[in-house]
Amino acid sequence: MRELLAAALPDLDADTQDAVMAALRARESVLSTGIGGGVAIPHAKTPLVGELMMAAGVAAKPVDYDSLDGEPADLFFLLLGPETAASAHVRALGRISRLLRREPLREALRQADDEEAFLRVVAESEAG
């Protein structure tokens, strides 16, 4: 799933995607970013991106992700940021994890039929 999300990020050529994947794997080797409730937030800081970037998606089939609760993950939020944006990176991680603690939001994201519906669920959760 990380690979699919990394490929969805704009303006990353194949070599950069490979390097980003290496950074994500290195971060994951420290501690799983599977936070539980079927959610994983793979993230890394890398000089290969000039600004904070995010991709999100729902896996058709849950993935064993060594999550903190031992359950597989199906909601993924990939976050990349440059080393120079560490505080923005941490704030984004915190906001994503706080939002995704809500089971109704996680379920609504899982039920989204397409990207527009997924984004609408996120926007509505931010507004409310």
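Predicted model: local features only at pLDDT ≥ 70, side-chain atom pairs only at ≥ 80, totals over all residues.
Trainee: How far apart are the end C-alpha atoms of helix α2, residues 14-30?

Mentor: Helix α2 has 17 residues, and at 1.5 Å a residue these should span 24 Å.

Trainee: Which residue caps the N-terminal end of α2?

Mentor: The cap involves the backbone nitrogen of Asp15. A side-chain oxygen lies 3.2 Å from that nitrogen, and the residue supplying this oxygen is Asp13.

Trainee: What arc around the axis do the buried residues of α2 cover?

Mentor: The buried residues of α2 are Thr16, Gln17, Val20, Met21, Ala23, Leu24 and Glu28. They lie on the same side of α2, because the arc they cover is only 165°.

Trainee: Which residues are exposed on the other side of α2?

Mentor: Exposed residues have over 50% relative accessible area. On the other side of α2, those that are exposed are Asp15, Asp18, Ser29 and Val30.

Trainee: How is α4 oriented relative to α5, roughly parallel or roughly antiparallel?

Mentor: Helix α4 (residues 103-111) packs against helix α5 (residues 115-127) with the axes 8 Å apart and at an angle of about 160°. Angles over 145 degrees count as roughly antiparallel. The orientation of α4 to α5 is therefore roughly antiparallel.

How values were computed: Residues numbered from 1 in each chain as written. Heavy atoms only, no water. Helix = DSSP H or I, 4+ residues; strand = E, 2+ residues; numbered from the N terminus. Expected span 1.5 Å × (residues − 1). Buried < 20%, exposed > 50% of the residue type's maximum accessible area, 1.4 Å probe, protein only. Arc of directions from axis to C-beta. Polar contact = N/O pair within 3.5 Å; in protein donor to acceptor, adjacent residues only side chain to side chain. Axes fitted to C-alpha atoms, helices over the stretch in contact; angles between N-to-C directions. Parallel < 35°, antiparallel > 145°, perpendicular 65-115°, else oblique.
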